[in-house]
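We'll go from overall build to individual residues.

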Amino acid sequence: MSQYYSTNEAFALTPALTLALFGCWILVFDFLFANSKQKRYFALVVVAGLIFAGVGLYRQQAFLATSGDSSIIAFSGALTIDRFALYFNWVFELATLIVALVSYNYLEIEGEHHGEYYALLLFAQCGMFFLAAGTDLVTLFIGLELMALCFYVMVGFLRGDKRSNEAAIKYLLLGAFSSGFLVYGFSIMYGLAGSTRLTDVAAAIAARPAWDPLVFLAMTTTAVGLLFKISAAPFHMWAPDAYEGAPTTITAYLSVASKAASFAFLLRIFLGPLAPARDAWEPLLAAVAILTMTIGNLAAISQTNIKRLLAYSSISHAGYMLLGLIAGNDTGIQGIAVYVMVYAFMNLGAFLVVIALRRKNIIGDDVDDMAGLMYRSPGYAVLMLIFLLSLAGIPPTAGFLGKYYIFLSLIETHHYLLAVIATLYVAVAIYYYFRIVKTMFVGELTEKAPLATSFGLRVALGITGVLTLAVGVYPEPVLRLAQNSFLR
Amino acid sequence: MNFLDQIWLIPLFPLFGAVVMLLFGSKLDPQPASDVAVAPGVELTHDGHEAAHHHHGHTHEHAHEHVTGHDHHGGGLKTVVSLLCPGMVLLSLIWSAGAVLQLANVPERSHEVIQFTWLAGLPFHMAGGRLATFSADWGFLLDPLSSVMILVVTGIGFLIHVYSTGYMAHDNGYYRFFGYLNLFVFFMLMLVLANNYALMFVGWEGVGLCSYLLIGFYFHKKSAGDAGKKAFVVNRVGDAGFILGMLLMFSVLGTVKFVDVRQILGSGNFRAETAGFGVLSTMALLLFIGATGKSAQIPLYVWLPDAMEGPTPVSALIHAATMVTAGVYMVARSAALYQLTPHTSTIVASVGAFTAILAATIALVQNDIKRVLAYSTVSQLGYMFLALGVGAYWVAIFHLFTHAFFKALLFLGSGSVIHAVSGEQDMRRMGGLKDKIPITHWTMFVAALAIAGIPGFAGFFSKDEILWQAYSSQQGSNALYVVGLLTAGLTAFYMWRLMHMTFYGRSRVAPEIEAHIHESPASMTVPLTLLAIGSVLAGWIGTPRLWGMSGWFRGFEQWLEPSFASAAVEAVKEGAHDASTEGILMGVSIALALIGIGIARYCYHIRPEIPGAIEARCGPIHRTLSNKWYVDEIYDFLFVNGFAKGGGTLLGAFDRNVIDGGVNGAGWFTRFSSSFSIWWDTWIVDGTVRLTSLLVKVSSYPVRIVQTGRVQAYALFVVVGALAFFGYYLAR
């Protein structure tokens, strides 16, 4: 503990520090770009910050590759940069990049263009960094709160919009409530181990008898907090309201980056300290996964608001991902890693099209606003079709891969019933995704105003669209990345 | 040129055509897309096909005025589309033919081309303790089975593309149509050329998507959109079976590659599951569920008749000749598996036979010309599954092959008829068209003889072989044979009912339409003629053993031999073979076909008042048949309203849909049951309505608490969830 700022520590922290610095820079120099039009340059600053953070991540990755170490351990084990952490950080980079690219035009249309928005994006990603790399209860919790606080503000960013305000308040109250559960669980873990390091907690729990009440209490309360974050049922209630009310860019960010970070967190805890209590949590999580898929898929059917529909779809995806953890073998964990990555770009892509529908005086978040899109903007319609096919898990799009590995892991570990239920829900899901397709391709063209397109949006759509198809047809690189990254 | 190593190119030609059309096609379209949806007075459905034709010149001139210059090269570029898209399929056909000819010189009659590893997996301990690594390649396999399929797909596909250049000439979205059609051919070729189940699944889903887009092609027809969605949703139910079957196959066999699967199953480590319903039988059953979706078998056949909302060439290509046979192909491809699972094979045969006769009875009373053909397709597919179920795999593929000719011809012919009578599809408003559209009549005449099973025409050879196998093979039985035979009689009847109502007797065409009746252009009649020649000749490569021919005349069975050869097949083939029995059975089926045709002629030509009398006498039966055994209503009630709408809203925001859904469901239920008796109505139905609305009301209370937007309620549910967790600990 004598050398707090050794090169090792600094090296491990580079990406987070870079993100934080760029965020602060935006806050300080907000006055430079006075009017709303100029604020768009902040998007460039965010991209620059992401590039520098990316360089930091790349150097860490290169270090792991050349040195042969499995991880860089910093702050006496509070922070661990391993391939798992790096993998998730690449997902965050991608998500923040896409969101930053589409935000400037969207915020101008909404009339709420402020520099703080961009700073919050970077701070949120900084929190995610700690969620993926933290190996200490305190580090993880601080990372979680840093991310969550940014999101509370961003969800309520449309100050003049009642829905946005309501969503932010609800998310804040419920988020704080669930954090209470989480910290309660953490405190018991600390009590058991006398340390907040995950490795110490794991050793302490492994030493307890099976079905120890204290371990069970710690596990369940922690699980409540974690499941809330990934919006698993019955802790999902905040999600539809928050998704619908938030600015659409933030809905996209929330559904992808926040979910990925929370999954990283969840895997760290369940495959780390809670791994010895597997017998206790496996049936619980299985029940939660089934309930999540049921509620997500069935509730999505009757939604007319597209953001709400995608919110329920996102809930159901969390259910599928949980299945990988329940299977628990290498294929399952790798499946989650693939799923998180694939879900990131296909879901972002779907939201991008929704963002393009938001024009002056047109809210554009109703399913009917998509009507006849094929005849007005065939490019957007075909892209949306690809994203929806991917979300529905139809090959050769990327979405098929994620589901495929998850289901394969269930069969490998003889969870036949879960596999049957999950595949049947995939069949149900096609029903609501194709309601959107039908509206786009078969619906009568009612609204003729051109889509709100911008250079950033087109680039973002290009990236997500190409990835969704290319990864589906040639998944090798993503699979190799995922294979290297899972926790053992 | 070495075509064999270039089989991966075969699907890519149409893909190229599709990409060009869908990305740049809108620039080739003479009319701006936005005008399509709103153009007043131009009814562009196939119902109003002729109307569109006549208005067309008029609208065209308008377009000239408004979009000057644009329309000029529009016409020229339309020619580009007409050349490019069929041309790409022709290239595929040439490559396919080349590859198949070269395959004939390969001793083992199998050639694999692997591009790269597609799905890579982790090493995994299988149930038996063996370490396996799951992987699937982006690879292609050409063997006798897939060679038949690619020739059917590209050959018939090319003819239908040519036909479409004539049929769709007056429709808007010409480029879009050909783009989807080429995309379909691409996916279909992926399906039949894939060397493993996972890649096959890519094509499997892709053809479903294209089918969806093409059924809903007339986008301003709501029924078209609904039909497309129904097709897709029903198919997804089947796909769940496919996926599970495939995953189970991996966990048991360690591979999903066709060649390896066949080799492992044939290695002797797996015994036929004669005693009980084991893991192999489950696997086979799951795959068969997938096949029932795609190939429209009970219980998942309901989407196919509705799919007739699509343009007629689509019905011919996708819903008759190619896509719907994918299930048959898949089961035949899994022959090594089904040989070991007699119980599942019995299910396959029974479902096939039952579907065949059920669909045939429905076809008896349909008045829409395309719907008769749709149910006929379902029925013929049932025949193919009957053949698969009794272990006669090559016969199923043979029937698939001949059926592709005569059924595509029937559909295209019906398209030509519809074209001639200005979009009318109801046969009650046709009649007497024989001399007005002679080529269409004579080609359809050939096809109708073929499907009825008249000796010398293609359908006779394959159908008769199926009946013989149903009777004689070890898996077969007298019951299956009788059902098959009855279906053959019904088929002859309904097909000649169609011919008589359409072409013969007194004209019932509306006078103003009558004036416009004319034969279709050469781009449509030439494909019809070629298909008619095929409908005669295609059967001669599989003549009955009884006839004692050899060489080419028995070529089909010999060619497919390597794909299905194994000990089990030998056993089936050498089963009781009695020449005199075969001769008698053949005579019976020919006689029945003739009787069917005769009754049709008697009822609809000589004494046309008879059908009306029968209809009046046997009201309930007729109603039940013309309402398709009420299966749609039952499904709507059980799944669409009961499950999807009710369940969805139950858990989502509470809104009016719940009550509407419940009432609708009860409404369907009422309609369904009223045909049985009034007693049922007053007591059960009213009760059900009350019960349904009561249930909805009761279940809405928890829903209100669930998603009212009140934070307290949300927090409460977090607590409830946590308490449930604790409860689990106590109750454990």
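With 488 residues, chain A would have a radius of gyration near 23 Å if it were a compact globule, and its 21 Å agrees with that. The radius here is taken over C-alpha atoms, and the globule rule is 2.2 Å times the number of residues to the power 0.38. Laid along the principal axes, the C-alpha atoms of chain A fill a box of roughly 65 × 55 × 45 Å.

A word on ground rules: this is a predicted model, in which local features need pLDDT of at least 70 and side-chain atom pairs count only at pLDDT 80 or more, while totals for chains, interfaces and linings use all residues. Residues are numbered from 1 along each chain as its sequence is written, chains are lettered from A and ligands numbered from 1 in the order in which they are written, and side-chain values use heavy atoms, with hydrogens and water left out.

What is chain A built from? Its secondary structure comes to 19 helices and two strands. Both kinds of element are DSSP runs numbered from the N terminus: helices are H or I with at least four residues, strands are E with at least two. Of the 488 residues in chain A, 70% count as buried; buried means under 20% relative accessible area, exposed means over 50%, and partly exposed is in between (1.4 Å probe, protein chains only). Take the contacts in chain A with a separation of 6 or more, and 80% of them come from residues 24 or more positions apart. A contact means heavy atoms within 4.5 Å.

As for charge, chain A has 28 positive and 28 negative charges, and their mean positions are 6 Å apart. Lys and Arg are the positives, Asp and Glu the negatives, and His and the chain ends are not counted. Each charge is placed at NZ of Lys, CZ of Arg, CG of Asp or CD of Glu.

Now over to chain B, which has 31 helices and four strands. Of its 732 residues, 60% count as buried. For chain B contacts between residues at least 6 apart in sequence, 80% join residues at least 24 apart. The accessible surface of chain B comes to about 26,500 Å², and 67% of this belongs to carbon and sulfur atoms.

Time to look at charged pairs. Side chains of opposite charge can pair when their charged atoms come close. Over all chains, the structure holds 25 salt bridges, each being a side-chain nitrogen of Lys or Arg within 4 Å of a carboxyl oxygen of Asp or Glu. One of them joins A:Arg163 to A:Glu244, at 3.2 Å from N to O. This pair links distant parts of the chain, 81 residues apart: A:Arg163 sits in helix H6 (residues 162-193) and A:Glu244 in helix H9 (residues 238-245) of chain A. A:Arg163 is partly exposed at 32% relative accessible area, whereas A:Glu244 is buried at 18%. Both belong to a network of salt bridges that also links A:Glu166, A:Lys170, A:Asp241, A:Arg308 and A:Asp365.

In chain B, B:Asp239 forms a salt bridge with B:Arg236, with the closest N and O atoms 3.9 Å apart. These two are three residues apart in helix H8 (residues 222-253) of chain B, so about one helical turn separates them. B:Asp239 is buried, at 2% relative accessible area, and B:Arg236 is buried, also at 2%. Another pair is B:Arg428 and B:Asp426, whose closest N and O atoms are 2.9 Å apart. B:Arg428 counts as partly exposed at 47% relative accessibility, while B:Asp426 counts as buried at 12%.

Most residues other than glycine have a negative phi, and most peptide bonds are trans. Which loop of chain A holds A:Pro234? A:Pro234 is in the loop between helix H8 (213-229) and H9, and the peptide bond to it from A:Ala233 is cis, with omega near 0 degrees. A:Ser231 lies in the loop between H8 and H9 of chain A; its phi is near 55 degrees, a positive value in a residue other than glycine, and it counts as buried at 1% relative accessibility. A:Phe75, found between strands S1 (71-74) and S2 (79-82) of chain A, has a positive phi of about 50 degrees and is partly exposed at 24%. In chain B, a cis peptide bond joins B:Ile298 and B:Pro299, with omega about 5 degrees.

Notes:
Areas by Shrake-Rupley, 256 points an atom, 1.4 Å probe, with all protein chains shown as cover.
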